[in-house]
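Please look at the sequence and the model before reading on.

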Amino acid sequence: MLPSGLPGVHPAKVVVIGGGVVGRGAARVALGLGADVELLDTNISRLWQIDQEFSGRVRTVASTAMSLEESVLGADMVIGAVLVPGAKAPRLVSHELAGRMREGSVLVDVSIDQGGCFADSRPTTHDDPTYRVNDSVFYCVTNMPGAVPRTSTYGLTNATLPYVLRIAETGWAEAAHADASLAKGLNTHGGELTNEPVATAHGLPCGTTPIRER
C-alpha cells in the first residue's frame, strides 16, 4: 500500500497512540508520506497543542476504550508511542482487538523498550524485525534508533550533554539539588531504588530520595 495513495485511491490510515515527542514525530513522518493521520492521547491540553502544531492536518482524538477501538479497527498502521516515565507501558491493544484489524495491517510498538503497549508485542531485533499474529504484522524492535546510529547518537548527545556538564562541574548531588529535572531522574542511591515507577515495574521496594528541589 502506498501511504499517500494515488489520485482516486484512498491513502493509508495511520493511527498514533500517544502524543509525546515520539508520537508527534511519528505523526509528522506519516503526514509527510501523505498518509491520513489520527493521533490519540488522554491529555486534552496536549491534543490542543498538537492540533495547532499541525494546523489541523492531524486529527486528534481523546483516547478512551471506545475511541481507541474505533480508530484501531479502521487503521492500516497503528503506532504505539505510549510512555509512562520509569514504568511499564500499559497494554492498550488486546489480542482480540488486533485480531479484528484489517488483513495485512501493521502494528509498530515503539513502547517495546518499556514492555510494549500491544498485548501481542514481543521484542525483536533489526536482523529479524517482524512477525505475524493472525493477519497482522508486528514490528517491535528494541532500540529502534539503533537503525540510524550516527543520527541517533548525535541527537542523544545534544540532549544529554548539558546535564553531563552540570554533573561534572558540581558533582551529582549539587547538580540534582539545583536542577529539578536531574532530581527526578535519580533512580538509585545508597543501594536502594529511589524511583517509585521503576521499583513498581520490577517488583522491588522503593527507598526515599535524598534530593529535595530548591
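A pocket here is an open set of grid points where a 1.4 Å probe fits, with protein on both sides within 12 Å along at least five of seven lines. The model discussed is a predicted one.

Q: What volume does the largest pocket have?
A: The volume is the space filled by probe spheres set on the points. For the largest pocket, this comes to about 620 Å³.

Q: Which helix gives the largest share of the lining of the largest pocket?
A: The lining consists of 24 residues, and those closest to the centre of the pocket are Val-21, Val-22, Ala-81, Leu-83 and Val-110. The largest share of this lining amounts to five residues, and the element that supplies them, spanning residues 21–32, is helix H1.

Q: Is Phe-54 buried or exposed?
A: Phe-54 sits in the loop that runs between helix H2 (44–53) and strand E3 (59–62). Leaving aside residues up to four places away in sequence, Phe-54 touches Arg-24, Ala-27, Arg-28 and Leu-31. The cut-off for burial is a relative accessible area under 20%; because the relative accessibility of Phe-54 is 2%, this residue counts as buried.

Q: What percentage of the residues in the chain is buried?
A: The secondary structure of the chain comprises eight helices and nine strands, and its C-alpha trace spans about 60 × 35 × 35 Å along the principal axes. Of the 214 residues in the chain, the buried ones make up 36%.

Definitions and conventions: Residues are numbered from 1 along each chain as its sequence is written. This is a predicted model: local features need pLDDT of at least 70, side-chain atom pairs count only at pLDDT 80 or more; totals for chains, interfaces and linings use all residues. Side-chain values use heavy atoms; hydrogens and water are left out. Helices (H or I, at least four residues) and strands (E, at least two) are DSSP runs, numbered from the N terminus. Buried means under 20% relative accessible area, exposed over 50%, partly exposed in between (1.4 Å probe, protein chains only). On a 1 Å grid over the protein atoms alone, a cavity is a set of points where a 1.4 Å probe fits but cannot get out, and a pocket is an open set with protein on both sides within 12 Å along at least five of seven lines; lining residues have an atom within 4 Å of a point. Contact means heavy atoms within 4.5 Å.
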